[in-house]
Amino acid sequence: MSHGPRSGLYAVSSALLAMSRHLEVRDVLKTIVASARELLDAQYAALGVPDDHGGFAQFVVDGVSDAQWRAIGPLPRQHGILAAMLRAARPERLADVREDPRFEGWPAAHPDMSDFLGLPIRDGDEIIGALFLANKLRPEGGPPCAGPDGRCGFTEDDEELLGILAQHAAIALTNARLYERSRELTIAEERSRLAHELHDAVSQKLFSLRLTAQAAAALVDRDPSRAKGELQHVAALAAEATEELRAAVVELRPAALDEDGLVATLRTQIQVLDRAHSARVTFSSHGVRALPAAQEEAVLRVSQEALHNALRHSGAARVDVTLDRRGPGAVLHVRDDGGGFDPAATRSAGRHLGLVSMRDRASGVGGTLTVESAPGKGTVIEMEVPGG
């Protein structure tokens, strides 16, 4: 078995605990790959989840930079060694993958690999993924390796250890899939509820708005004073309808968050707000890693609520949003130079300005939210989330 610094019972236990800590499929896949590479002293690791069309629905790598991965191109197809592993469902341990007759080459930007260890991940009789390691590294302080090109090569003990990891990976991945399916059902039910609420609340207000506008039009010539009052009522109804829509829409997870990630989504939304409002709205971010999906959504929602408050209620001329790395997690700051308020007085008067909602979102993902404000001193909203 490997004698590197991550070997032994503690290392195996740490890897298994890390896998069980996540509920999102993507997070589980990344944790499995990183744990396998570190545990077995490999230069590269990858995990592919097959689709039903001869390719991979997901393919996660560790040891390859983002720039390298983009240069490599589209996700790999199921051919060569990858296909053999998924069809035969047995481990593959090779001294040099390039010399195997099934090897079919790789894209020009692909890193060079020689020794190879691959293992299917099974849930009963179903193969739900395949885990690959390449280029065994010499453990720190260990003897020189005698393999081709000075490589150490993977051992039978490495294969056995990876097998243990794969069994637990199957459990973690299956649990994550069940969680996501359950969440999808919950989201579908929530969307249905929101649709009913929109129909019941907003459509009624729009109907009232139309009738009031018609009444105002009829009064314009014979009673301008009453017509003015009706038009003011129209404006109030329109504002209420807008708030109903905003409250409903803010509950829906934006597709951009899944497609572009938290930083890009925040940047885009803040650029839109900067153009739409007279206040200057800025955004900066430094060193933020991808967070679990639930945490990213919570950070986005809190930032949206804080921005809404700053732009609509504070009279601010400038609002600055920053998202920075803090340990394995991140910290969000939304600062405005507006009129500010007394948080204690606001709570006692029942005017929460969304603070209760923001605190609930932060605590719901293990984070914290603090508010610093005073009349005439602006407001700072800080949210910290711990990361995965």
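In this predicted model, strand β8 (residues 329-336) and strand β10 (residues 379-385) pair in the antiparallel sense, with 7 bridges between them. Within that pairing, L332 has M383 of β10 as its bridge partner. Packed on the sheet is helix α11 (residues 355-364), which touches β9 and β10. The direction of α11 makes about 150° with that of β9.

The sheet that holds β8 and β10 is open and consists of 5 strands in the order β6-β7-β8-β10-β9, with mixed pairing. Its edge strands are β6 (280-286) and β9 (368-373), each of which pairs on one side only. From one strand to the next, the twist averages 10°.

**The antiparallel sheet**

Another open sheet of 5 strands has the order β2-β1-β5-β4-β3, and its pairing is antiparallel. Here the edges are formed by β2 (56-62) and β3 (92-94), each pairing on one side only. The twist in this sheet averages 15° from one strand to the next. In general, strands of a sheet pair through backbone hydrogen bonds, either parallel or antiparallel.

| Strand pair | Bridges | Example of facing residues |
|---|---|---|
| β1 and β2 | 6 bridges | L47 and V60 |
| β1 and β5 | 6 bridges | A46 and F132 |
| β4 and β5 | 8 bridges | R122 and I127 |

A45 stands opposite L133 in β5, while P50 stands opposite F56 in β2. Strand β1 (residues 42-50) is mostly covered, with 7 of its 9 residues buried. For strand β5 (residues 126-136), 10 of the 11 residues are buried, so this strand is largely enclosed by the rest of the structure. In a regular strand the side chains alternate between the two faces of the sheet.

Strands β4 and β5 form a hairpin with 2 residues between the strands. In this hairpin G124 takes a positive phi near 70°.

Helix α2 (residues 25-39) lies across β1, β2 and β5 and runs at about 40° to β2. Helix α4 (residues 80-88) packs on the sheet as well, touching β1, β2, β3, β4 and β5. The direction of α4 makes about 135° with that of β5.

**Packing of α8 and α9**

The axes of helix α8 (residues 262-276) and helix α9 (residues 293-313) come within 10 Å and cross at roughly 15°. This angle is under the 35 degrees cut-off, and α8 is therefore roughly parallel to α9. The crossing of α8 past α9 is right-handed.

On the α8 side, the contact involves L262, T265, L266, Q269, I270 and L273. These residues meet E296, V299, L300, S303, Q304, L307 and L311 in α9. Classified by residue type, the contact of α8 with α9 comprises 8 nonpolar, 4 polar and 1 charged residues.

**The residue L219**

L219 is found in helix α5 (residues 156-219). Its relative accessibility is 5%, and because buried means under 20%, L219 counts as buried. When residues up to four places away in sequence are not counted, L219 touches P224, R226, A227 and E230.

**The protein as a whole**

The elements described above belong to a protein with 11 helices and 10 strands. Of the 388 residues in the protein, 41% are buried. Among contacts between residues at least 6 apart in sequence, 62% join residues at least 24 apart.

Methods: Residues are numbered from 1 along each chain as its sequence is written. This is a predicted model: local features need pLDDT of at least 70, side-chain atom pairs count only at pLDDT 80 or more; totals for chains, interfaces and linings use all residues. Side-chain values use heavy atoms; hydrogens and water are left out. Buried means under 20% relative accessible area, exposed over 50%, partly exposed in between (1.4 Å probe, protein chains only). Helices (H or I, at least four residues) and strands (E, at least two) are DSSP runs, numbered from the N terminus. Two strands pair if DSSP finds at least two bridges between them. Axes are lines fitted to C-alpha atoms, for helices over the stretch in contact, and angles run from 0 to 180 degrees between N-to-C directions. Angles under 35 degrees count as roughly parallel, over 145 as roughly antiparallel, 65 to 115 as roughly perpendicular and the rest as oblique. A crossing is left-handed if the near helix is turned anticlockwise from the far one by less than a right angle, and right-handed if clockwise. Contact means heavy atoms within 4.5 Å. Ala, Val, Leu, Ile, Met, Phe, Trp, Tyr, Cys and Pro count as nonpolar, Asp, Glu, Lys and Arg as charged, and the others, Gly among them, as polar.
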